[in-house]
Amino acid sequence: MDAPLPLDDQARSILAANCRGTYTLPTSGLYPYQWNWDSAFSASGIARFDLDRAWTELETLFSAQWPNGMVPHIVFHQFDESYFPGPDAWGTGHQPPTSGITQPPAAATIARRLLRQDPKAGRHRLAGVFSKILAWHRWFDLYRCEHGAVAASHPWETGRDNAPDWDGPLEAVDVVGIEPFVRRDLQHVDPEMRPTKIDYDRYMALVQFGRDAGWDEDVIRARSPFRVADPTLTFILLRANLDLRVLAVELGRPTDEIDRWIARLRQGAEALWNPDLEAYDSYDLRGQRFAGTLSNASFLCWYAGVDNPGMVARLESLLGEVSYGVPSHPPGSRGFEPRRYWRGPVWAIMNMMIGTGLAGFGHHALASRIRCDTRRLIAGGGFSEYFDPLDGSPAGGGSFSWTAAVWLDWASPSTMEDDHGFAKT
Ligand code: GLC
């Protein structure tokens, strides 16, 4: 029998197998289209062996940008019936067809990472995407920065689809009268690892709401039953704006507008501090209350340039409760399920953001624990979608692009740097 390929080679093969010419699928079957933040993180791994192709990944994503600046969470380049909800369910009328919502804006941070690898070659590629990223961040500022923090109008926008954060707010979503549908995800993955039926009914009720509203952001802001300010979107956008500012200076563009966004988001991040939980939390803008849930997104503060001694202590104690960090929800908390998606499992991309952020602030012991845990998880369980924090077993889909990318760009022993050299801006 042939010896297995070294993990770096396996990771490259996964990214190559999931490549569809100018964009990369998260994984075939379960997610057969281009996903927004998956694509950005995939580009950071692709850059390790093909920098030109990595820039193309971002360019393809922005080719689907809406005229109002929004960059959709899914781009349906080529119809594939193995996924639901597809283009018809979203009914956005855009070409190429897309979903009607967005996802955490990681592109500016990744563009900076690509530029750093080869400033000379990257300059004209950056010039091509810069205004598009700027327009997307402006869209966030215009339509989504309520109380400074970034509001989601669908749990899928946060990238943490079924996190316990949404349990309370989703109760307000009426599922009476939703159109019948057949889930496709359960044909690919064990139902025990996926969102429940009532969650899915509510997701689809929100898709129907947006479609009936013509995807008009003013109507959605005023009337959507789900409106939650979220640490994932807030910290990632804050970080992306810090990086966008560096890129603006690089291109000799003005920074005043970006400076205003940064100041606003810094306040917004603090508005997510829940004094009862003593941590950053999601805030339900309709019900006017915190979710009361610690999540891996709570620990994205350092990535966004926000240090907080209280969060260091919280992370140390949370890591003491698991064999592999960082769990998406703490064991022992209400709603914890070690293998169900965002209700407990560890996600490699979240670990990379938390780890590089910590390293940037000099919290090296914690950064290194998280990086080593990620390395052990992938070495033991392969390039899975997520992992059980208690026993490290792989869960969800396999052959995942962003898990492979995190390996190549951060977790592999062949990568030397643990903060990407720009964690603190
Ligand atoms: C799931 C994840 C989301 C990701 C998508 C594609 O919906 O929750 O974060 O972007 O899968 O991998």
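**Note on the sheet and the ligand site**

1. Five strands make up an open sheet, ordered β3-β4-β5-β8-β9, with antiparallel pairing. Strands are DSSP runs (E, at least two residues), numbered from the N terminus. Two strands pair if DSSP finds at least two bridges between them. The edges are β3 (145-146) and β9 (289-290); each has a single partner strand, so one side of each lacks a neighbour in the sheet.

2. This is a predicted model: local features need pLDDT of at least 70, side-chain atom pairs count only at pLDDT 80 or more, and totals for chains, interfaces and linings use all residues. Residues are numbered from 1 along each chain as its sequence is written, and side-chain values use heavy atoms, with hydrogens and water left out.

3. Strand β8 (residues 283-284) pairs with β9 in the antiparallel sense, over two bridges. D284 is opposite R289 in β9.

4. Which residues surround the ligand? They are P26, Y31, W35, W37, D38, Q103, G159, D161, Y341, W342, F400 and W402 (near means a heavy atom within 4 Å). This shell divides into eight nonpolar, two polar and two charged residues. Here Ala, Val, Leu, Ile, Met, Phe, Trp, Tyr, Cys and Pro count as nonpolar, Asp, Glu, Lys and Arg as charged, and the others, Gly among them, as polar.

5. Polar contacts are pairs of N or O atoms within 3.5 Å. A ligand oxygen is 2.7 Å from a polar backbone atom of G159. A ligand oxygen is 2.9 Å from a side-chain N or O atom of Q103. For the W37 side chain, the distance from a ligand oxygen to an N or O atom is 3.0 Å.

6. The protein covers 97% of the 310 Å² of accessible area that the ligand has on its own (Shrake-Rupley method, 1.4 Å probe).

Methods. A polar contact is a pair of N or O atoms within 3.5 Å; within protein, one must be able to donate a hydrogen and the other to accept it, and residues adjacent in sequence count only if both atoms are side-chain atoms. Helices (H or I, at least four residues) and strands (E, at least two) are DSSP runs, numbered from the N terminus.
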